[in-house]
Amino acid sequence: MTMNQAPTDYTPEEEILLQTLRAQSWDEFVGQDTIKKSLRLAIEAALQRKESLDHTLLFGPAGLGKTTLSHLIAKEMNADIKATSGTALNKAGDLAAILTNLKDGDVLFIDEIHRLPKIVEETLYPAMEDFALDIVIGKGPSARTVRLDLPRFTIVGATTRFGLLAGPFRDRFGLIHRLTYYQPQKLTDVVTRGAKKLNVKIDPQSALEIGRRSRGTPRIALKLLKRVRDYAQVNGFDQISTKEVRQALEMFAIDTKGLDETDRRLLNSLIQHHQGGPVGITTIAATLNEDPGTIEEVIEPYLLQIGFLKRTPQGRVVTAAAYKHLGKEYPEE
């Protein structure tokens, strides 16, 4: 499995690991300082008024802490959290079953909320605004609508595709926050805290080395830490040093920029077969034998972020920085 696979592809063992290392308090949650301040202020105000928190929408790339923040929100509100996903709610009845079992103040966390079917999304509108659920009983001319009152709850939605949410749906969230990629120094703190929970000794320079190769993502930093720990354990090292980190990540084909084999294969393919571009996405997909959606949503974002790839009206273009990183000569024309 490559580092930039979608979170839904993680194995159960990796999910258990990430849950174990998940921050349990605001102090443990590293980074996203502006968002933390805003959420803590809103939570404190809601508690003082003895009200539920406004519906909250968290968006941004996968692995930045949206799920962790939702659990922290529930914990700070002294509320229970019910978790589901947009793909699990296939019809309005599924949503109704969850909403009618909530209690006052509960948090309903909906992951990948942009994948909610249209009919489920529209059923949520009165539930979010009026805390009521409209249910149609019967069919044909004898059908009638019954309105059920719901407890005052908070929806926390998480999405990696903010633009796919309908405008009326977005407008019903009182708090909307965008999570951003982490700098290596912040990821060093994530790795250090994770190492303590795993009872692993690691020096600051080694933690920084892992942070530099983690693609700005805490989830990847923790996954790399686990793999480095395994390498050190098997080879009999009591403490992880920079040397072990580099040897372990070299074995897993993770380079100094955090690129894996899939990333390098895409860049090398564009350089060798298409002179660095511009190349259309369908041509790239055919060359790599990959789905265009996988390339656009999984592989490209990080390459675009670090400036190794450009999107132009004519297609994708490999930049001079990517040529230099791969040790290739950049063409003058």
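Student: In which sense do strand β1 and strand β7 (residues 175–178) pair, and over how many bridges?

Tutor: This is a predicted model. In it, β1 and β7 pair in the parallel sense, over four bridges. Within this pairing, T56 stands opposite L175 of β7.

Student: How does β1 pair with strand β6 (residues 154–159)?

Tutor: The pairing of β1 with β6 is parallel and runs over four bridges. Here L58 is the residue that stands opposite A158 in β6.

Student: Turning to helices, at what angle do α11 (residues 261–274) and α12 (residues 281–288) pack?

Tutor: The angle is about 105 degrees, with the axes 11 Å apart. Angles of 65 to 115 degrees count as roughly perpendicular, so α11 is roughly perpendicular to α12. Helix α11 contributes R265, L266, S269, L270, H273 and H274 to the contact, and α12 contributes T283, I284, T287 and L288. By class, these are four nonpolar, five polar and one charged residues.

Student: Is H114 buried or exposed?

Tutor: H114 lies in the loop between β3 (107–111) and α5 (118–130). Buried means under 20% relative accessible area; H114, at 16%, is therefore buried. Its side chain makes a polar contact with the side chain of T159 (2.7 Å). Beyond its neighbours within four places in sequence, H114 is in contact with T159, T160, R161, L164 and L165.

Technical notes
Residues numbered from 1 in each chain as written. Predicted model: local features only at pLDDT ≥ 70, side-chain atom pairs only at ≥ 80, totals over all residues. Heavy atoms only, no water. Pairing = 2+ DSSP bridges. Helix = DSSP H or I, 4+ residues; strand = E, 2+ residues; numbered from the N terminus. Axes fitted to C-alpha atoms, helices over the stretch in contact; angles between N-to-C directions. Parallel < 35°, antiparallel > 145°, perpendicular 65-115°, else oblique. Contact = heavy atoms within 4.5 Å. Nonpolar A, V, L, I, M, F, W, Y, C, P; charged D, E, K, R; others polar. Buried < 20%, exposed > 50% of the residue type's maximum accessible area, 1.4 Å probe, protein only. Polar contact = N/O pair within 3.5 Å; in protein donor to acceptor, adjacent residues only side chain to side chain.
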